[in-house]
Amino acid sequence: MSTPFYQQAREHLSAACPVMNGLIGRVGPCLLMPRGEDPFTLLVRCVIGQQISTKAAESIYNRLARAVNPPPEGPHPADGTSLAMWQREGIMPMDKLAALSEAEFKACGVSGPKQRTLRAVVEHARANPDLLPSIAGLDDDTIRERLTVIKGIGPWTVDMYLLFGLGRPDVLSVGDYGIRVAVKNLFRLRTLPDPAKLTRVAKPWQPYRSVALWYLWRSLDKTPQGE
């Protein structure tokens, strides 16, 4: 998603929704940036991120990445360039991840349910070898259908995969708690909106609901959290 895209999205959201117009004015430019990693690595990140903060998820993921794919040995530059590059560009090797024991997963901070989900992801990826390599070419609904058959992968996880992994522009995560709280606060609702209510509120944001979600999270200074 390019800068011209974000400018167009901000203009649309500001014109279509007075609440979003005020929020954009307070927050400023959208800094949403897809991760751009390989499909399996992205899915692992999304599983790790279930029900915890982004900071905690990043810490657990980095420990897991060190366990299966250690960073380069030796001293790093004072600015941490080599380590930062390893963290940014490292690919999660499927075979090495699958070989980890329960104790090794636990030492990295991966809970039992998430261990089972990761093993289910590996099993599904091996049984369907064309799925992840071709996933970027599929539409959003097809991706939802293909991924939610994996035990432990629900709608929220796929939403995060579409939004932060593939950079899809019109994702609405109706199950994200932070989004529900933000909409309740900004639109002065009496209760947290259910999926139907949230979908109605978000209708004017189409086709830029991903950008709208980013602004809603910023209104709370929160990170995505669901499932």
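Predicted model: local features only at pLDDT ≥ 70, side-chain atom pairs only at ≥ 80, totals over all residues.
**K114 and its surroundings**
- You can find K114 in helix α8, which covers residues 112-127.
- Leaving aside residues up to four places away in sequence, K114 touches V47, I48, G49, Q50 and I52.

**Two residues with positive phi**
- As background, most residues other than glycine have a negative phi.
- Q51 is not a glycine, yet its phi is positive, at about 65 degrees.
- Look for Q51 in the loop that runs between α3 (39-48) and α4 (54-68).
- R188 is not a glycine either, and it has a positive phi of about 55 degrees.
- The loop between α12 (177-186) and α13 is where R188 is found.
- Is R188 buried or exposed? R188 counts as exposed, because its relative accessibility is 77%, over the 50% cut-off.

**A cis peptide bond**
- Most peptide bonds are trans.
- Which form does the peptide bond from Q206 to P207 take? This bond is cis, and its omega is near 5 degrees.
- P207 sits in the loop between α13 (195-202) and α14 (209-220).

Technical notes. Residues numbered from 1 in each chain as written. Heavy atoms only, no water. Helix = DSSP H or I, 4+ residues; strand = E, 2+ residues; numbered from the N terminus. Contact = heavy atoms within 4.5 Å. Buried < 20%, exposed > 50% of the residue type's maximum accessible area, 1.4 Å probe, protein only.
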